[in-house]
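This report walks through one protein chain, from its overall build to a few local details. Keep the sequence and the structure in view while reading.

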Amino acid sequence: MTVHDVEDTVHRAEAAEGEHTVREVEHEITVSAPAEAVYRLIADVENWPRIFPPTVHVERVEGDAREERIRIWATGNGEVKHWTSRRVLDRAALRVDFRQEVSTPPVAAMGGAWIIENLPSGQCRVRLLHDYRAVDAAGLAWLDEAVDRNSRTELAALKENAERGLAAEDEGLLCSFEDTVRVDGTAKDVYDFINEAHLWPERLPHVDSVRLDEPVPGLQTLEMDTRSKDGSAHTTKSHRVTFPHRKIAYKQITLPALMTLHTGYWTFTDTGSGVTASSQHTFVLDTGNVARVLGPDATTADAVAYVRTALSTNSLATLGAAKAYAESRG
C-alpha cells in the first residue's frame, strides 16, 4: 500500500482576490475493514501519532463523546505546524467534522470532515474533505502541496492500520513502557536539563553529538548520535513539542534499524516534597531487520527485549543525570 494508491478528487472555488482563494479538496480510499472500526481510529486522537506519519503530538483540551477541542502538532512539507481545532463526532453517521479555531500561517482558515461509508462488498469508503484559505498566494501553493501530501499519507496509513487491526499489538511487535525516578529538586530544573538537549554531549556519556533547531519556542527538531551499552552507534532525528515545565513530547522521524515507530514523552510532576520525572516510550519492532542486527537465531521477543533494554538504559541514564543536576542546584 502506497500513498499513490489513494484515489482523490479536487474541487476548487476561487474568489476574485488571490489571497482570499478558497480550496475545496476531497481525497478518498477504500478500506477492507468494518466502518465502525475505521471510525474509532479516527475518533480516538490520542492514537494519531502512532497511526498517522505527519502527526507528532495531540492533546485533548476539553470535550465529551459529541464535541471536543484538540491541539495538534503535525508536519507539513517537512515543517512542524501547530493548531487548535474543534471536532464534532457523529458515531451514528460515521462522520467527524473539524474546524481550526487557531491556525498557523500560511493557513488563514481550515476545516473539513472524515466521512466513512459502508459498501455492499463489506468494505468501507473513507472520504477526507478539506476546505482552506491561505494568508497569501505563496501560502496557498504551500498549502495545496501540504494538504495533498498529508491527505494521501494519512489515508494510506489509516487503511494499513485498519486492515491489520493494529496487529502489531497482537503480534507482540508493539511495546510501551515507562521509567521513573524521584528527584529532590524542582520540576523546572529537571525540565531544563531535558529541554537543553544541545548540552547533552557534555552531560551524557552515551550522547556523542547533537544538532538542535528551535525555529519557534516550543517546537524543536533534535538530531543526535548516540551509543548503546553494547557499543553500537545510532543516529536519530525527532520532532519535539515542549510544555514548560511539565512535559516534552516527541516523535522520531529517523529511526534505528529495529524500529518502524518510536514516540514518547518526558513528564515532570511536583509532589510537594520533590519531583517525579518519567520517560515514556512506545515503539513498534521492524521484523525485517532482526536477523541482520541480532543474528539469524534471534526471535521477535528477543528483539523487543533488546530495543526496550537499549531505550530504558539511555532513559535512566538521562533521568539520573537530570536528577543529579537538579539536586545539585537545590
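Helices and strands here are DSSP runs, with helices (H or I) of at least four residues and strands (E) of at least two, numbered from the N terminus.

## Overall build

This is a predicted model. The protein chain has eight helices and 15 strands. Its radius of gyration is 21 Å, close to the 20 Å that the globule rule gives for 330 residues, so the chain is as compact as a globular protein of that length.

Along the principal axes, the C-alpha atoms fill a box of roughly 60 × 50 × 35 Å. Of the 330 residues, 50% count as buried. Take the contacts between residues at least 6 apart in sequence: 51% of them join residues at least 24 apart.

## The cavity

How many cavities of 30 Å³ or more does the structure hold? The structure holds one. About 470 Å³ of space lies in the largest cavity. Its lining counts 27 residues, and W83, Q100, M110, H130 and E154 lie nearest the centre. Six elements are named as giving two or more residues to this lining: β4 (67–76), β5 (79–90), β6 (95–102), β7 (107–118), β8 (124–134) and α3 (137–164).

Helix α3 gives the largest share of the lining, seven residues. By class, the lining has 14 nonpolar, ten polar and three charged residues.

## H130, a residue of the lining

H130 is among the lining residues nearest the centre of the largest cavity. H130 sits in strand β8. Is H130 buried or exposed? H130 has a relative accessible area of 13%, so it is buried, as the cut-off for buried is under 20%.

Beyond its neighbours within four places in sequence, H130 contacts R23, E24, V25, F98, M110, G111, G112, V147 and S151. One of these contacts, M110, also lies among the residues nearest the cavity centre. L143 comes 13 residues from H130 along the chain, and the C-alpha atoms of the two are separated by 11 Å.

## A covered helix and an exposed loop

Helix α5 (residues 187–195) is mostly covered, with eight of its nine residues buried. The buried ones are A187, D189, V190, Y191, D192, F193, I194 and N195.

G272 gives a contrast. It is placed in the loop between β14 (259–270) and β15 (275–285). At 79% relative accessibility, G272 is exposed. G272 and T287 are 15 residues apart along the chain, and 44 Å separates their C-alpha atoms.

## Cysteines

A disulfide is a covalent bond between the sulfur atoms of two cysteines. A search of the whole structure finds zero disulfides. C124 is buried, at 0% relative accessible area. C175 also counts as buried, at 9% relative accessibility.

## Backbone exceptions

Most residues other than glycine have a negative phi, and most peptide bonds are trans. Which residues does a cis peptide bond join? P106 is in the loop between β6 and β7. Another cis bond joins P244 and H245, with omega about -10 degrees. H245 is in the loop between β12 (233–243) and β13 (247–254).

L94 has a positive phi, near 55 degrees, in a residue other than glycine. L94 is found in the loop between β5 and β6.

Conventions: Residues numbered from 1 in each chain as written. Predicted model: local features only at pLDDT ≥ 70, side-chain atom pairs only at ≥ 80, totals over all residues. Heavy atoms only, no water. Buried < 20%, exposed > 50% of the residue type's maximum accessible area, 1.4 Å probe, protein only. 1 Å grid on protein atoms, 1.4 Å probe; cavity = no way out; pocket = protein on both sides within 12 Å on 5 of 7 lines; lining within 4 Å. Points joined across faces, edges and corners; volume = space filled by probe spheres on them. Nonpolar A, V, L, I, M, F, W, Y, C, P; charged D, E, K, R; others polar. Disulfide = S-S within 2.5 Å. Rg over C-alpha atoms; globule rule 2.2 N^0.38 Å. Contact = heavy atoms within 4.5 Å.
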